[in-house]
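Visitor: I am new to this structure. Could you take me through it, beginning with the terms?
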Amino acid sequence: MKRKCFIFDLDGVIVDTAKYHYQAWKALANDLGIDFSIEQNEQLKGVSRVQSLEKILKWGGRTLDPIEFQDKMNQKNTNYLEYISNMDTSELLPDVDRVLRFLTNNNQFITLGSASKNARPILDKVKITSLFDAIVDGNDVSKAKPNPEVFLKAARLTKSKAKNCIVFEDSVAGIQAANAAGMISIGIGDARILHEAQYNFEDFRGLSNTFLENLIKKS
(Lines give C-alpha, C1' and ligand atoms only; values in the text may rest on other atoms or scores of the structure.)
Protein backbone atom coordinates (compact mmCIF):
# COMPACT_ATOMS: atom_id res chain seq x y z
CA MET A 1 0.00 0.00 0.00
CA LYS A 2 1.25 3.50 -0.81
CA ARG A 3 2.61 5.61 2.00
CA LYS A 4 0.86 8.97 2.34
CA CYS A 5 1.35 11.69 4.93
CA PHE A 6 -1.71 12.45 7.03
CA ILE A 7 -1.41 15.83 8.75
CA PHE A 8 -3.70 16.63 11.68
CA ASP A 9 -4.44 20.00 13.18
CA LEU A 10 -4.83 19.75 16.96
CA ASP A 11 -7.45 22.11 18.35
CA GLY A 12 -10.93 21.08 17.21
CA VAL A 13 -9.65 18.09 15.24
CA ILE A 14 -7.94 15.76 17.73
CA VAL A 15 -9.12 17.40 20.95
CA ASP A 16 -11.64 20.10 21.77
CA THR A 17 -9.31 22.64 23.31
CA ALA A 18 -11.22 25.44 21.57
CA LYS A 19 -13.39 25.73 24.69
CA TYR A 20 -10.30 26.33 26.83
CA HIS A 21 -8.94 28.91 24.39
CA TYR A 22 -12.32 30.65 24.50
CA GLN A 23 -12.37 30.74 28.31
CA ALA A 24 -8.79 32.08 28.45
CA TRP A 25 -9.32 34.73 25.76
CA LYS A 26 -12.66 35.78 27.26
CA ALA A 27 -11.09 36.28 30.70
CA LEU A 28 -8.32 38.38 29.15
CA ALA A 29 -10.70 40.44 27.00
CA ASN A 30 -13.00 41.09 29.93
CA ASP A 31 -10.01 42.23 32.01
CA LEU A 32 -9.39 44.81 29.28
CA GLY A 33 -13.05 45.87 29.32
CA ILE A 34 -13.74 44.20 25.97
CA ASP A 35 -16.76 41.99 25.27
CA PHE A 36 -15.82 38.69 23.65
CA SER A 37 -18.27 36.27 22.04
CA ILE A 38 -18.16 32.64 20.89
CA GLU A 39 -18.61 33.94 17.33
CA GLN A 40 -15.47 36.08 17.68
CA ASN A 41 -13.63 33.07 19.11
CA GLU A 42 -14.42 31.20 15.87
CA GLN A 43 -12.37 33.82 14.02
CA LEU A 44 -9.34 32.98 16.18
CA LYS A 45 -9.25 29.30 15.21
CA GLY A 46 -5.96 28.41 13.56
CA VAL A 47 -4.62 31.92 14.24
CA SER A 48 -1.43 32.63 16.21
CA ARG A 49 -1.52 34.03 19.74
CA VAL A 50 -0.09 37.37 18.58
CA GLN A 51 -2.66 37.78 15.79
CA SER A 52 -5.47 36.68 18.12
CA LEU A 53 -4.66 39.38 20.67
CA GLU A 54 -4.33 41.95 17.86
CA LYS A 55 -7.84 41.03 16.68
CA ILE A 56 -9.31 41.30 20.18
CA LEU A 57 -7.71 44.71 20.73
CA LYS A 58 -9.05 45.90 17.37
CA TRP A 59 -12.57 44.70 18.22
CA GLY A 60 -12.37 46.58 21.52
CA GLY A 61 -10.76 49.68 20.09
CA ARG A 62 -7.82 49.26 22.47
CA THR A 63 -4.06 49.54 22.09
CA LEU A 64 -1.27 48.22 24.31
CA ASP A 65 2.39 49.08 24.44
CA PRO A 66 4.76 46.19 23.58
CA ILE A 67 5.44 45.27 27.22
CA GLU A 68 1.72 45.19 28.11
CA PHE A 69 1.02 43.23 24.93
CA GLN A 70 3.55 40.54 25.91
CA ASP A 71 2.22 40.46 29.48
CA LYS A 72 -1.32 39.85 28.21
CA MET A 73 -0.15 37.04 25.91
CA ASN A 74 1.64 35.44 28.86
CA GLN A 75 -1.48 35.85 31.00
CA LYS A 76 -3.61 34.13 28.38
CA ASN A 77 -1.18 31.25 28.07
CA THR A 78 -0.94 30.80 31.85
CA ASN A 79 -4.75 30.61 32.10
CA TYR A 80 -4.93 28.20 29.17
CA LEU A 81 -2.26 25.90 30.61
CA GLU A 82 -4.21 25.79 33.86
CA TYR A 83 -7.35 24.75 31.98
CA ILE A 84 -5.60 21.97 30.03
CA SER A 85 -3.58 20.63 32.97
CA ASN A 86 -6.31 18.14 33.83
CA MET A 87 -6.85 16.79 30.31
CA ASP A 88 -6.84 13.01 29.78
CA THR A 89 -7.73 10.47 27.05
CA SER A 90 -11.45 11.19 27.52
CA GLU A 91 -10.85 14.53 25.74
CA LEU A 92 -10.03 12.86 22.40
CA LEU A 93 -12.78 13.74 19.94
CA PRO A 94 -15.01 10.91 18.64
CA ASP A 95 -13.26 8.26 16.51
CA VAL A 96 -9.92 10.08 16.43
CA ASP A 97 -8.30 7.07 18.07
CA ARG A 98 -9.81 4.70 15.47
CA VAL A 99 -8.51 6.82 12.57
CA LEU A 100 -5.03 7.11 14.07
CA ARG A 101 -4.86 3.35 14.74
CA PHE A 102 -6.07 2.54 11.22
CA LEU A 103 -3.39 4.75 9.68
CA THR A 104 -0.74 3.27 11.97
CA ASN A 105 -1.77 -0.29 11.10
CA ASN A 106 -1.55 0.60 7.40
CA ASN A 107 1.95 2.06 7.73
CA GLN A 108 0.97 5.64 6.91
CA PHE A 109 2.84 8.73 8.09
CA ILE A 110 0.98 10.56 10.87
CA THR A 111 2.04 14.13 11.57
CA LEU A 112 0.79 17.16 13.46
CA GLY A 113 0.52 20.61 11.89
CA SER A 114 -0.76 22.98 14.56
CA ALA A 115 -0.44 26.66 15.46
CA SER A 116 -0.54 25.69 19.14
CA LYS A 117 2.64 26.20 21.14
CA ASN A 118 1.31 23.70 23.67
CA ALA A 119 0.74 20.84 21.22
CA ARG A 120 3.31 18.45 22.67
CA PRO A 121 2.07 18.55 26.29
CA ILE A 122 -1.52 18.12 25.06
CA LEU A 123 -0.58 15.06 22.97
CA ASP A 124 1.18 13.69 26.06
CA LYS A 125 -1.92 14.30 28.19
CA VAL A 126 -4.16 12.34 25.80
CA LYS A 127 -1.46 9.66 25.39
CA ILE A 128 -1.06 9.62 21.60
CA THR A 129 2.37 11.24 21.13
CA SER A 130 3.95 7.93 20.17
CA LEU A 131 1.64 7.59 17.15
CA PHE A 132 3.12 10.66 15.43
CA ASP A 133 6.05 10.44 13.02
CA ALA A 134 6.56 14.22 13.14
CA ILE A 135 5.18 17.12 15.17
CA VAL A 136 5.19 20.69 13.86
CA ASP A 137 3.65 23.30 16.14
CA GLY A 138 3.72 27.02 16.83
CA ASN A 139 7.25 26.77 18.20
CA ASP A 140 8.56 25.48 14.86
CA VAL A 141 7.15 27.99 12.37
CA SER A 142 7.21 31.74 11.85
CA LYS A 143 4.22 32.14 9.52
CA ALA A 144 0.64 31.53 10.66
CA LYS A 145 -2.07 29.82 8.63
CA PRO A 146 -3.33 30.48 5.95
CA ASN A 147 0.38 30.45 5.10
CA PRO A 148 1.15 26.77 4.38
CA GLU A 149 4.52 26.73 6.20
CA VAL A 150 3.36 24.40 9.01
CA PHE A 151 2.06 21.77 6.58
CA LEU A 152 5.00 22.02 4.18
CA LYS A 153 7.38 21.47 7.09
CA ALA A 154 5.43 18.37 8.18
CA ALA A 155 5.70 17.06 4.62
CA ARG A 156 9.45 17.69 4.54
CA LEU A 157 10.01 15.88 7.83
CA THR A 158 8.46 12.75 6.34
CA LYS A 159 10.01 13.32 2.90
CA SER A 160 6.51 13.42 1.42
CA LYS A 161 5.44 15.32 -1.68
CA ALA A 162 2.61 17.81 -1.14
CA LYS A 163 0.31 15.89 -3.49
CA ASN A 164 0.69 12.86 -1.19
CA CYS A 165 -0.38 14.77 1.93
CA ILE A 166 -3.87 14.83 3.43
CA VAL A 167 -4.73 17.57 5.93
CA PHE A 168 -7.49 17.43 8.56
CA GLU A 169 -8.53 20.93 9.65
CA ASP A 170 -11.40 22.65 11.47
CA SER A 171 -10.53 26.24 10.55
CA VAL A 172 -10.95 28.26 7.37
CA ALA A 173 -7.34 29.47 7.63
CA GLY A 174 -6.16 25.87 7.94
CA ILE A 175 -8.13 24.71 4.91
CA GLN A 176 -6.75 27.62 2.91
CA ALA A 177 -3.23 26.71 4.02
CA ALA A 178 -3.69 23.09 2.95
CA ASN A 179 -5.06 24.16 -0.43
CA ALA A 180 -2.21 26.64 -0.90
CA ALA A 181 0.27 23.83 -0.21
CA GLY A 182 -1.31 21.69 -2.93
CA MET A 183 -2.49 19.08 -0.42
CA ILE A 184 -5.83 17.28 -0.05
CA SER A 185 -7.93 19.26 2.45
CA ILE A 186 -10.53 17.65 4.68
CA GLY A 187 -12.74 19.91 6.77
CA ILE A 188 -13.78 18.60 10.19
CA GLY A 189 -16.78 20.60 11.36
CA ASP A 190 -19.44 22.76 9.71
CA ALA A 191 -19.30 22.28 5.93
CA ARG A 192 -20.94 25.69 5.42
CA ILE A 193 -17.96 27.36 7.09
CA LEU A 194 -15.32 24.98 5.68
CA HIS A 195 -16.72 24.92 2.14
CA GLU A 196 -13.28 25.48 0.61
CA ALA A 197 -12.22 21.98 1.71
CA GLN A 198 -12.17 19.18 -0.86
CA TYR A 199 -14.04 16.90 1.56
CA ASN A 200 -16.15 17.66 4.61
CA PHE A 201 -17.15 15.64 7.65
CA GLU A 202 -18.88 16.83 10.80
CA ASP A 203 -16.44 14.67 12.78
CA PHE A 204 -14.40 11.50 12.32
CA ARG A 205 -17.42 9.25 12.92
CA GLY A 206 -18.51 10.03 9.37
CA LEU A 207 -15.12 9.19 7.94
CA SER A 208 -14.98 5.46 7.20
CA ASN A 209 -11.96 3.15 6.94
CA THR A 210 -12.94 2.58 3.31
CA PHE A 211 -12.68 6.33 2.65
CA LEU A 212 -9.21 6.32 4.22
CA GLU A 213 -8.19 3.30 2.11
CA ASN A 214 -9.27 5.14 -1.04
CA LEU A 215 -7.24 8.22 -0.02
CA ILE A 216 -4.17 6.01 0.43
CA LYS A 217 -4.64 4.32 -2.95
CA LYS A 218 -5.37 7.58 -4.78
CA SER A 219 -2.53 8.51 -7.14
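Guide: Contact means heavy atoms within 4.5 Å. Helices (H or I, at least four residues) and strands (E, at least two) are DSSP runs, numbered from the N terminus. Buried means under 20% relative accessible area, exposed over 50%, and partly exposed in between, with a 1.4 Å probe and protein chains only. This is a predicted model, in which local features need pLDDT of at least 70, side-chain atom pairs count only at pLDDT 80 or more, and totals for chains, interfaces and linings use all residues. Residues are numbered from 1 along each chain as its sequence is written, and side-chain values use heavy atoms, with hydrogens and water left out.

Visitor: Which residues of helix 7 are buried?
Guide: Helix 7 covers residues 149-157, and its buried residues are Glu-149, Val-150, Phe-151, Ala-154 and Ala-155.

Visitor: And what do they pack against?
Guide: The buried residues of helix 7 pack against strand 1 (5-8), strand 2 (109-113), strand 3 (134-136) and strand 4 (165-169), and also against helix 8 (172-180).

Visitor: What comes just after helix 7?
Guide: Lys-159 is found there, with a positive phi of about 55°.

Visitor: Where is Pro-146?
Guide: Pro-146 sits in the loop between strand 3 and helix 7. A cis peptide bond, with omega of about 15°, joins Lys-145 to Pro-146.

Visitor: Let us turn to helix 3. Which of its residues are buried?
Guide: They are Ser-52, Leu-53, Ile-56 and Leu-57. Seen down the axis of helix 3, these buried residues fall within an arc of 135°, so they line one face of the helix. The arc is that of the directions from the helix axis to the C-beta atoms.

Visitor: What does that face pack against?
Guide: The buried residues of helix 3 pack against helix 1 and helix 4.

Visitor: How many residues does helix 3 have?
Guide: Helix 3 has 12 residues, and from its first C-alpha to its last it reaches 17 Å, close to the 16 Å expected at 1.5 Å a residue. The expected span is 1.5 Å times one less than the number of residues. Just after helix 3, Gly-61 takes a positive phi of about 65°.

Visitor: Which loop holds Asp-95?
Guide: Asp-95 lies in the loop between helix 4 and helix 5 (96-105). Its phi is near 70°, a positive value in a residue other than glycine. Asp-95 is partly exposed, with a relative accessible area of 31%.

Visitor: What about Asn-107?
Guide: Asn-107 is not a glycine either, yet has a positive phi of about 60°. Asn-107 is in the loop between helix 5 and strand 2, and is partly exposed at a relative accessible area of 48%.
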